[in-house]
Amino acid sequence: MSPFTGSAAPTSDWQHLRVDRTDGVATVTLARPDRLNALTFGAYADLRDLLAELSRERSVRALVLAGEGRGFCSGGDVDEIIGATLSMDTATLLDFNRMTGQVVRAVRECPFPVIAAVHGVAAGAGAVLALAADFRVADPTARFAFLFTRVGLSGGDMGAAYLLPRVVGLGHATRLLMLGEPVRAPEAERIGLISELAGEGRADEAARRLARRLAEGPALAHAQTKALLTAELDMPLSTAVELDASTQALLMTGEDYAEFHASFTERRPPKWRGR
């Protein structure tokens, strides 16, 4: 636990999410199965604030984001968000859209890998949440749909126009964001939108297995790898290799690097400390 978490106690009860922690793995479940886990203003805010809390605590080493019921997440709730936004002024709408972007930034910038466990629909904001994760583990029922143009808005919502070309390439991203057509699991795997295709009904199990593997590994090395993957997306090569060099020099002074050498010499598995 970091000593710099602030004066406020960690939140013990999240109103719009179900949060479970076991041995360094947090499982965050969107739990509105009757509405296909459609997001509300409160759900967005909870995700943003939860990820910030977990990032400060440094007690979580991997996180699984899952959806309860028949699908992962159907996007923003039509009644509670789209209906409500029609009566908002521009300043309030900007605040709302910035908040949704802050959720994506929190997923990308938190110091632990995030695994989206996708089954059924991942649409609109739900598709972007999965896209922002470091891994997308899906079963054959999964279908992704970036629906923003279907409601008369830009396809570049919540960072989708930044992230999607970097995952599937500009051509596929243009098609998916312009047309808003669903991408089913076989195609999603083919174009690289799915990291791992699990058996039917096994996405959550496979995601937890991957999270456990990551949590048992060198947490600091994973955190720095994630940070470099994000930071170097827009860097020239010379800047990227210099950042790599300084990062490695710092990690080489850490306990985990010394532990690897000791374990190799003693012919035993390493005991990673995340330091």
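Predicted model: local features only at pLDDT ≥ 70, side-chain atom pairs only at ≥ 80, totals over all residues.
Q: Great, let's start with E1 and E2. Do they run parallel or antiparallel?
A: Antiparallel: strand E1 (residues 17–22) is joined to strand E2 (residues 25–30) by six bridges.

Q: Which residue of E2 stands opposite Arg18?
A: That's Thr29.

Q: How many residues sit between the strands of that hairpin?
A: Two residues lie between E1 and E2. One to look at is Asp23, in the loop between the two strands, which takes a positive phi near 50 degrees without being a glycine.

Q: Is Asp23 buried or exposed?
A: Asp23 counts as exposed, because its relative accessibility is 58%. The cut-offs are under 20% relative accessible area for buried and over 50% for exposed, with partly exposed in between (1.4 Å probe, protein chains only).

Q: What about Leu36, where is that?
A: Leu36 is in the loop between E2 and H1. Its phi is positive too, at about 50 degrees, although Leu36 is not a glycine.

Q: Switching to aromatics: how many pairs are there?
A: Three aromatic pairs, counting Phe, Tyr and Trp (its six-membered ring) with centres within 6.5 Å; planes under 30 degrees apart are stacked, over 60 edge-to-face and the rest tilted. Tyr44 and Phe96 make an edge-to-face pair, with 5.9 Å centre to centre and 75 degrees between the planes.

Q: Where do Tyr44 and Phe96 sit?
A: Tyr44 is in helix H1 (residues 41–57) and Phe96 in helix H3 (residues 90–109), so their pair ties together parts 52 residues apart in sequence. Tyr44 is buried at 4% relative accessibility, and Phe96 is buried at 13%. Together with Phe41, Tyr44 and Phe96 form one aromatic cluster.

Q: Now H8. Which of its residues are buried?
A: In H8 (residues 203–215), the buried ones are Ala203, Ala206, Ala207, Leu210, Ala211, Leu214 and Ala215.

Q: And what do those residues pack against?
A: Their partners are E2, strand E3 (62–67), strand E4 (114–118), strand E6 (135–138), strand E9 (196–197) and helix H9 (219–231). Contact here means heavy atoms within 4.5 Å.

Q: What about Glu205 in that helix: buried, partly exposed or exposed?
A: Glu205, found in H8, is partly exposed at 36% relative accessibility.

Q: One last thing: what is the strand order in the open sheet of three strands?
A: The order is E5-E7-E8, with mixed pairing. Strand E5 (121–123) and strand E8 (183–184) stand at the edges with a single partner strand each, so one side of each has no neighbour in the sheet.

Q: How do E7 and E8 pair?
A: Strand E7 (residues 143–145) pairs with E8 in the antiparallel sense over two bridges. Phe144 has Val183 in E8 as its bridge partner. Helix H4 (residues 125–132) packs on this sheet, touching E5 and E7.

Terms used: Residues numbered from 1 in each chain as written. Heavy atoms only, no water. Pairing = 2+ DSSP bridges. Helix = DSSP H or I, 4+ residues; strand = E, 2+ residues; numbered from the N terminus. Expected span 1.5 Å × (residues − 1). Axes fitted to C-alpha atoms, helices over the stretch in contact; angles between N-to-C directions.
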